Amino acid sequence: MTTALPPLVFAATYGSQSRHGTALRRDAQRGLLHRVHPGAYVEAADWARLDRRERHVLTTKAVMAGLSPRVVVSHASAVALHGLPSVDWPWGPVHVIDPGRDRTQATARVVRHPGPIDARDTVEVDGIAVTSEARTAVDRSRTGSFADGVLCVDAVLRRAAARAGCFAVPARRDLRSSAGHRSRVDAAADATRRLLSERLDGEPGTRGLSKARQVTAFGTPWAENGGESLCRLALLELGAPEPVMQVEFFDGEGLAGRCDFVIGDAALEFDGKAKYDDDAMRAGRVPSAVVKAEKARERRLVRSGGIKAIGRCDAEDVALRLPLARTLRDLDVELRPRQNARMWPHRQI
């Protein structure tokens, strides 16, 4: 799940006290190289082009080169290597599980979590041993924020359904095929949810377990990206009824459209910036043409009879909460925060 990263150069390959090792340190002092980790360097220009996730992945590779083969990348670092979504990418140390330790050891560069780790919970990503997506979701749910846990679990549930072929587009799109599609996706996600719950039941200690179980119950495979996961979490916190996601509506001509969130007879669409800013997403159209097409789609959705009103929100609305609350009230969605203080009713554990 990682993009192509620039190659690392290790001083140990030539000997740290060799002329080549000295030259690497000199080039780092001159700003030609960036020191990723003691003894590990990358071209400074390449480092500058990387985003935070890519930098953490490259740092993880540098750190793992000097650790025992039995050590496995875990927690936030595993999230980065798997390309799973995160509220924010870590600036700090690389996280690993070390079967040789019985307690956590944290330094500025590496956090070693105690083992053991089952072989079924280990996979290889770009030649590095990493906790599996399921184990990563369990660890993230226990030790991260509720939001980070939800982002991770949602993505893991969706990937499980995708691997099972549940998102294959049927030859015929109608109400019956749409219902069958939802049933298959939910079944695949529920199987993975049970796997996560079993992992949690076998986890040592109690720290973070209650939160992790809530995250697992809350997770959904219907969030298509991290933005929709956070939007759904915001709806819970604002007191909205639980929405149905990715609902397809049909009219006499076939599929009228699909809505991100449906609450009663109202729909809420989450708009990422890419929809209007990314050339590939616009398919060569200018932004005004995209907006015009969206308006036509909304009119057709309302005419289909499935919904009466459509509202829109973006990442900033979700983060600030108040603009999202205003949009929901404009859609006549009743907000009852106290009722959702714990969880939507059928997801309580």
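Me: By class, how many nonpolar, polar and charged residues does the lining of the largest pocket have?
Reply: This is a predicted model, in which local features need pLDDT of at least 70 and side-chain atom pairs count only at pLDDT 80 or more, while totals for chains, interfaces and linings use all residues. Residues are numbered from 1 along each chain as its sequence is written, and side-chain values use heavy atoms, leaving out hydrogens and water. A pocket is an open set of points, on a 1 Å grid over the protein atoms alone, where a 1.4 Å probe fits and protein lies on both sides within 12 Å along at least five of seven lines; lining residues have an atom within 4 Å of a point. With Ala, Val, Leu, Ile, Met, Phe, Trp, Tyr, Cys and Pro as nonpolar, Asp, Glu, Lys and Arg as charged, and the others, Gly among them, as polar, the lining of the largest pocket has seven nonpolar, eight polar and 11 charged residues.

Me: Which residues that line the largest pocket are the closest to its centre?
Reply: The largest pocket has a volume of about 820 Å³ (the space filled by probe spheres set on its points, which are joined across faces, edges and corners). Of its 26 lining residues, the closest to the centre are His75, Asp139, Arg142, Thr143 and Glu203.

Me: Which element gives the most to the lining of the largest pocket?
Reply: Helices (H or I, at least four residues) and strands (E, at least two) are DSSP runs, numbered from the N terminus. At least two lining residues come from each of α4 (75–82), β5 (94–98), β7 (110–114), α5 (133–143) and α7 (175–201). The top contributor, with five residues, is α5.

Me: In β7, which residue is the bridge partner of valine 94?
Reply: Two strands pair if DSSP finds at least two bridges between them. Between β5 and β7 there are five bridges, and these strands run parallel. Along β7, the partner of valine 94 is valine 110.

Me: How many residues does the hairpin that joins β6 to β7 run through?
Reply: Strand β6 (residues 105–106) pairs with β7 in the antiparallel sense, over two bridges. The number of residues through which the hairpin joins β6 to β7 is three.

Me: In the hairpin of β8 and β9, what is the phi of aspartate 126?
Reply: Strand β9 (residues 128–131) runs antiparallel to β8, joined by four bridges, and valine 123 has valine 130 as its partner in β9. Two residues lie between β8 and β9, and aspartate 126 in the turn has a positive phi of about 55 degrees.

Me: Which strands stand at the edges of the open sheet of three strands?
Reply: The order here is β1-β3-β2, with antiparallel pairing. An edge strand has a single partner strand, so one side of it is left without a neighbour in the sheet. The strands at the edges are β1 (9–10) and β2 (33–37).

Me: Which helix packs on the open sheet of four strands?
Reply: This sheet has the order β10-β11-β12-β13, with mixed pairing. Five bridges join β12 to β13, which run parallel, and phenylalanine 270 has cysteine 313 as its partner in β13. Touching β10, β11, β12 and β13 (contact means heavy atoms within 4.5 Å) is helix α12.

Me: How far apart in sequence are the parts that lysine 308 and aspartate 265 tie together?
Reply: There are 29 salt bridges, each a side-chain nitrogen of Lys or Arg within 4 Å of a carboxyl oxygen of Asp or Glu. Lysine 308 and aspartate 265 form one at 3.7 Å, N to O. Lysine 308 lies in the loop between α12 (287–303) and β13 (309–313), and aspartate 265 in the loop between β11 (254–263) and β12 (266–270), so the parts they tie together are apart by 43 residues.

Terms used: Axes fitted to C-alpha atoms, helices over the stretch in contact; angles between N-to-C directions.
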